[in-house]
Amino acid sequence: MTPILEAQGLTKRYHDFTLKDISVEIPRGAVTAFFGPTGAGKTTLMKLLASQIPATSGEVRVFGLRYEERESEIKDRIGYVPQEPVYYRDRSVEFNARFAASFYKRWDGGAFYKMLDEFRISREKTVKRLSRGQKTLLSIALALSHGADLLILDEPTAGLDVILRRMILERLRAFAADGERTAVVSSHITDGLGDIAEYVHFLDEGRLTFRSEKDELQGRWKRIHFKDGALPPDLVGQLSDVRRQPFGSSGLVQDYSAIRERLGAGIASGDVKVENATLDDILIAMHQGD
Amino acid sequence: MSAILRKSSFFFITHLCTFSVPGLATIPMWENPGIISMMALWVPLWLSSSVLWSERQESYAFLRTLPVTDRQIVRTKFGLALGFIVLYWAILILLIRRSWGATPEYAGYMALASLTCAVSIVLAAFWYIFSWRFGVSALTVVVIAVLVIGFIVALAVNLERLIRTSGIGILAPRWLAEGPWIYQILLFAAALAAYFGLMRVAVRVKEKSEAVL
């Protein structure tokens, strides 16, 4: 299937940071997540994918089109939610919405104002009086109100309470559920987003260190819980993030299939238990270079 | 593009009123239509302050998220400034014609208005490029300095002439009126050529720079 978004050799150089040679293909009809620690380059990458800043080198194609040739057409079909949304801060929410609406071909004012009500944002309020979370919600409402086929969201749940965070994640899940529309989301925490993402990427220090289907990733990475003495020492040595627990220890294994047979007896006796590693576990292990 | 036009026009119109109304209001007081020449001298100041305040209120980071290209934004902004300068030039010429009739003074003041408008339009282009390359904070410092110096110079020149000639606004140099008429057209053509050349530069600067994002 043709990817909805692809980047080749994308590089962005700043005086103190470089996003290096990123090549990705984002499949259509799914939620794709970019995780990584603070300062990994997620925001820079999201900005490049949404053509918010010029790249030092490399190319981005969205819907098979290049920004350099068809920027208006592409942006009419994408919704971008920046980490720190910016508007005309001295003007009202309504003014900003009408301003944005004048640029879109498929603006749905009814859907927009319905979402504003849901998010409890007054349309008369000036933008400078909105909290950071409300600005993000306004940005999400704008992104979802013009018939976008692709959403690019940079830390959309940061600064939101748990109820709103769940609401936003549910909207993203529903958005991509038709198999045609796509959401690309970056976050430094996997909480919630890890559940709805089908594809995950890890960024660290400006490099794309890993990409995988989430199910495949969680099939390989497992957390092994074991009683003392239940595993041979060489096997324990292969585990990362080993922690002492009240009834034994646990550790992460990156390639479960390679050790599965050796765990058979322990699992049968109940001295060893295996569970899916969380994305947080995997992210931390990768960040630490284990 | 109409949304950008409407939003930016507000500053050009309000600043136009600010700079021209006092001049128009004082014509009867002085009983001297030469005051109009002062209005011509205000053109670069009016245009500079309009560009500055419209840029200060602009949100390019927001515009970037919308389906509009830098090229379209630059063309809209440059078109707006050009439109207003042509409008202001036309108003000036009309006022000068009404005040002086077909006299040598008319020719001199018309040339003065054309000259200041031509310089102003190139100056406006320069301010836009400066803003997009170095950011609106840097533009603010530079334009405010230019405005203050401009005001002082304009007032000093007029005051000096007021004392020397007991009149105000007798500013049109004789050589402006005495030159062949074709040079005014050439002047305007050169200003427009420079303006459109700078517009192309502005597109490149806007596309490459992150100073206003």
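Chain B of this predicted model holds eight helices and zero strands. Read from the N terminus, its elements run α-α-α-α-α-α-α-α. Of the 213 residues in chain B, 39% are buried.

**A helix pair in chain B**

Let us look at one packed pair here. Helix 4 of chain B (residues 70–100) packs with helix 8 of chain B (residues 182–208) at an angle of about 145 degrees, and the two axes lie 9 Å apart. The crossing of helix 4 of chain B with helix 8 of chain B is right-handed. On the helix 4 side, the contact uses B:Asp70, B:Arg71, B:Ile73, B:Val74, B:Phe78 and B:Leu82. Helix 8 of chain B answers with B:Tyr195, B:Met199, B:Ala202, B:Val203, B:Lys206 and B:Glu207. By residue class, this contact divides into eight nonpolar, no polar and four charged.

**Where the chains meet**

Next comes the interface, where 16 residues of chain A are in contact with 15 residues of chain B. On the chain A side, the elements that give two or more residues are helix 2 (67–76) and helix 3 (93–101). Helix 2 of chain A gives the most, with four residues.

**Sheets in chain A**

Chain A has an open sheet of four strands in the order 2-1-4-5, with antiparallel pairing. Strand 2 (18–26) and strand 5 (65–66) of chain A each have a single partner strand and stand at the edges, so one side of each lacks a neighbour in the sheet. Helix 1 of chain A (residues 42–49) packs on this sheet, where it touches strand 1, strand 2 and strand 4 (57–62) of chain A. The direction of helix 1 of chain A makes about 125 degrees with that of strand 1 of chain A.

Strand 3 of chain A (residues 31–35) pairs with other strands in the parallel sense, namely with strand 8 of chain A and with strand 9 of chain A.

| Strand pair in chain A | Sense | Bridges |
|---|---|---|
| Strand 1 (residues 5–13) and strand 2 | antiparallel | six |
| Strand 3 and strand 8 (residues 182–187) | parallel | five |
| Strand 3 and strand 9 (residues 199–204) | parallel | four |

Each pair can be located through one bridge. A:Ala7 has A:Val24 in strand 2 of chain A as its bridge partner. For A:Val31 the partner is A:Ala183 in strand 8 of chain A, and for A:Phe35 the partner is A:Phe202 in strand 9 of chain A.

Is strand 3 of chain A open or covered on its faces? Both faces are covered, with A:Val31, A:Ala33 and A:Phe35 buried on one side and A:Thr32 and A:Phe34 buried on the other. Five of the five residues of strand 3 of chain A are buried, so the strand is largely enclosed by the rest of the structure.

**A buried leucine**

A:Leu279 lies in helix 11 of chain A (residues 279–287). A:Leu279 is buried because 23 other C-beta atoms lie within 10 Å, where 20 or more are needed. Beyond its neighbours within four places in sequence, A:Leu279 is in contact with A:Phe35, A:Thr190, A:Gly194 and A:Val200. A:Gln218 is 61 residues away from A:Leu279 in sequence, while their C-alpha atoms are 7.8 Å apart in space.

Conventions: Residues are numbered from 1 along each chain as its sequence is written. Chains are lettered from A and ligands numbered from 1 in the order in which they are written. This is a predicted model: local features need pLDDT of at least 70, side-chain atom pairs count only at pLDDT 80 or more; totals for chains, interfaces and linings use all residues. Axes are lines fitted to C-alpha atoms, for helices over the stretch in contact, and angles run from 0 to 180 degrees between N-to-C directions. A crossing is left-handed if the near helix is turned anticlockwise from the far one by less than a right angle, and right-handed if clockwise. Two residues are in contact if their C-beta atoms, placed from the backbone, lie within 7 Å. Ala, Val, Leu, Ile, Met, Phe, Trp, Tyr, Cys and Pro count as nonpolar, Asp, Glu, Lys and Arg as charged, and the others, Gly among them, as polar. Two strands pair if DSSP finds at least two bridges between them. A residue is buried if 20 or more other C-beta atoms lie within 10 Å of its own, exposed if 12 or fewer, and partly exposed in between; C-beta atoms are placed from the backbone.
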